[in-house]
Amino acid sequence: MAPSVCLQEMIRVIRSARTQGEERGVIQRECAAIRAQFRQADSGGRSHNLAKLLYVHMLGYPAHFGQMECVRMIASPRYSEKRIGYLGAMMLLDEKQDASLLITNSIKNDLSHSSQYVQSLALCTLACMGSAEMCRDLAPEIERLLKASNSYIKKKAALCAVHIVRKIPELGELFTPSAHSLLSDKNHGVLHGAVVLITELCERNPDNLDEFRKAVPELVQIMKGLVTSGYSPEHNVAGISDPFLQVRVLRLLRILGRNNDEASDAMNDLLAQVATNTDSSKTAGSAVLYETVLTIMDIKSESGLRVLAVNILGRFLLNNDRNIRYISMTSLQKIVQTDHTAVQRHRGTIVDCLKDQDASVKRRALELSLALVSAANIRSMMKELLRFLSSCPPELRSHTTSGIFNAAERYAPSQRWHIDTILHVLITAGGDVRDETVPNLIQLISVASELHCYTVHKLYRALISDISQQSLVQVACWCIGEYGDLLLKGDCDEIEPMQVTEDDVLDVLETVLQSHMSSPTSRGFALTAIMKLSTRITNNIDRIRSVVSIYGSCIDVELQQRAVEYNALFKKYDHMRAAVLERMPIMDKNSPGHTNGDPSGEITKDLNQSKPIQGVLIQEPASQVCDLLDLLGETKTSPQANQNQVKTTPNSTSSSVQENLLDLLGGLEPSPAPSVTVYEKGGLSLKLQCDKQTETGVTVTFTASNSTQSDIISFTLQAAVPKSIQLQMKAPSGDVIPAQGRGTVTQTVLLNNPNKASLKMRVRLSYSSQGTLFQDTVQIDSFPSPAWN
């Protein structure tokens, strides 16, 4: 290819290249020719060469060597060269490059040029890549052009002013008077630029809101003119008169009417007119209606107008365009809490969207359906949600089960319905439920004493049908262990009778123990259930003893430990076995450390498996650590600290419920060590208890309680000890302390004192109560026995 070919020929040759290497060769030869011609000061084809270079830049190849040529061509008096020079500046230059400063003077001169087209080139370039310095220097020129008589210049100057305000917000005061005067112009381009400029001024500086609220009547008249005007070929888009300007005006009205009664009243009639007269069959009309709905919902509008807005969103749900359905449900999700009754009217359409093939639409429909569940429609909505659960995509199963559990927890019409619903979810999607589901269901079953027989029969039938759903297996094993005697009786009026023998029950539990699908937690539940049945059956005690002894050598440490303890009950403590393995008492939902579906509190642990609590460790700055440790009084030696701020996660749990259910040998433990109160202020009380484990190791347990009328949240505890003592902090039982002493939060600290030095500790407490953040420290110099003296 010859180096002097025209732009069209160069494009044709580049496109006909068969390989990437051939394309690079063509471009390299052409760039070399362009460089050579740039060095010829009197070249007459500069604009031609720069145009080719810009095409090379669009393909992603280096074109920086053309920057100075752009500067020279901008200074040219010829319009053809000036036009390609400004285009090159917008593409090849940006505000971070020093070369951009060289065109400031040229832009200033061109802003005063007699030709409107040269002025527009300068305005477009400044609005595209003007730096803060350029904007500050040229702002007076832009303000002057806003007052020009030429509409073509004014609309470009308005958009250039928007760029300046974004770069230097304090210059907004310079354009405020001119922006207001632009609203009286009849040209749609000028009006569009004026509305965008006023919107930017209001968003950047809220102090301008009062000034521009005076223009609300003018904006209302502009909008009415657009709505009622006849057909105009220049501005008509799908039967809508200038929908772009309408959308911009509605957005500005939304900003001006927010939290202002007078401005909102002035635009209520207009919004009603737009909402009723705009055709939504085309995308342009839908866009205007959508902005109208957002404006109605954001200002202080009348109740009837809000219902009209919700009905518009309801019509959007019937649209064939999935994008329109998606934004409709997104908007309904935002207003469902404030206009719940109006949204409820479209419940059937929203539920139908659960069948949509689009994943994003289906997710929005699910979220909105869960938000619409109430005590009045819980049964019908739950049927739809359970039907959706059976066929929903895997990525939505966890969210669906969680939403069903929360809705059932909140609006369950009866305990039996509540239990049946959760069991249905466990059977359908037991592998996708959260960890707290098992303990929550167990607590619910234990409270419903009149349903124990019904529940254990239903769970037994589910267990013999499918042992792959681990959550279902764990709950079923727990129920069989607790209420196995009711299962063996077989007389249950609420379910079809089924004859079950002792061997049948033990066979099922042994199947769980031996199955490769069973998790270690499920095996722990099954082994405990078998052990509990030893006090509920009479003919298979030897079989139970044999199964327990086999797992005394299991490779799983947790299962092995349980089996060894259960063997000890059979042998050494057989006289206590019946008392230790008696039926669990009813578990109080508000017991310390136990919540049931409350996301703000801690979540109950897997009832049959002890796991370390997962937390998010947040290290404080070193200066704060030193401040905490300096209070210990050791200035010559650098102390050692271990601080943790632990926030509970959905896997974090309290240990109290686990102890209630699993500490089957609790009666054999010694009496607890005495505790002392080390902090009491503002309703928060902190007690300390020591338990000596070894000659050099002590376990310190802090227990925090709350006697105020509101919950204490974000509770964290930090501790520091001298360097000679090693400190390890365990995860706390939670970070929410229930009000009125209904629960506590515990924090365990392990101390190792090989030198048996005098122990002292500095503790920092941080928590939030009624929206106020508190932080306090306490010095502990004396510890109760059995700590070191």
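Below are my entries, going from the whole protein to single side-chain pairs.

Entry 1, overview. I am working with a predicted model. I looked up the secondary structure and found 34 helices and eleven strands. The protein has 789 residues, and 52% of them count as buried. I then checked the contacts with a separation of 6 or more: residues 24 or more positions apart account for 69% of them. The accessible surface comes to about 36,200 Å², with 49% belonging to carbon and sulfur atoms.

My search of the whole structure turned up 35 salt bridges. R416 and D420 are separated by about one helical turn, because they sit four residues apart in helix α24 (residues 415–429). D420 also meets K458 in a salt bridge, at 3.1 Å from N to O. K458 belongs to helix α26 (residues 452–465) and D420 to helix α24, so this pair ties together parts 38 residues apart in sequence. I noted R416 as partly exposed, at 31% relative accessibility, and K458 as partly exposed too, at 28%.

K681 and D776 form a salt bridge, their closest N and O atoms being 3.4 Å apart. K681 is in strand β4 (residues 675–681) and D776 in strand β11 (residues 772–780), so the pair links distant parts of the chain, 95 residues apart. I also logged one network in which salt bridges with shared partners join R46, E69, R72, R78 and E81.

I found a patch of negative charge on the surface where E262, D265, D269 and E302 gather. E262 lies in helix α15 (residues 261–277) and counts as exposed because its relative accessibility is 68%.

Conventions. Residues are numbered from 1 along each chain as its sequence is written. This is a predicted model: local features need pLDDT of at least 70, side-chain atom pairs count only at pLDDT 80 or more; totals for chains, interfaces and linings use all residues. Side-chain values use heavy atoms; hydrogens and water are left out. Patches are made of residues with over 30% relative accessible area and no salt bridge: like charges are joined within 9 Å, nonpolar side chains (Val, Leu, Ile, Met, Phe, Trp, Tyr) within 5 Å. Accessible areas come from the Shrake-Rupley method with a 1.4 Å probe; for residues, only the protein chains shown count as cover. A salt bridge is a side-chain nitrogen of Lys or Arg within 4 Å of a carboxyl oxygen of Asp or Glu. Lys and Arg count as positive and Asp and Glu as negative; His and the chain ends are not counted. The place of a charge is taken as NZ of Lys, CZ of Arg, CG of Asp or CD of Glu. Helices (H or I, at least four residues) and strands (E, at least two) are DSSP runs, numbered from the N terminus. Buried means under 20% relative accessible area, exposed over 50%, partly exposed in between (1.4 Å probe, protein chains only). Contact means heavy atoms within 4.5 Å.
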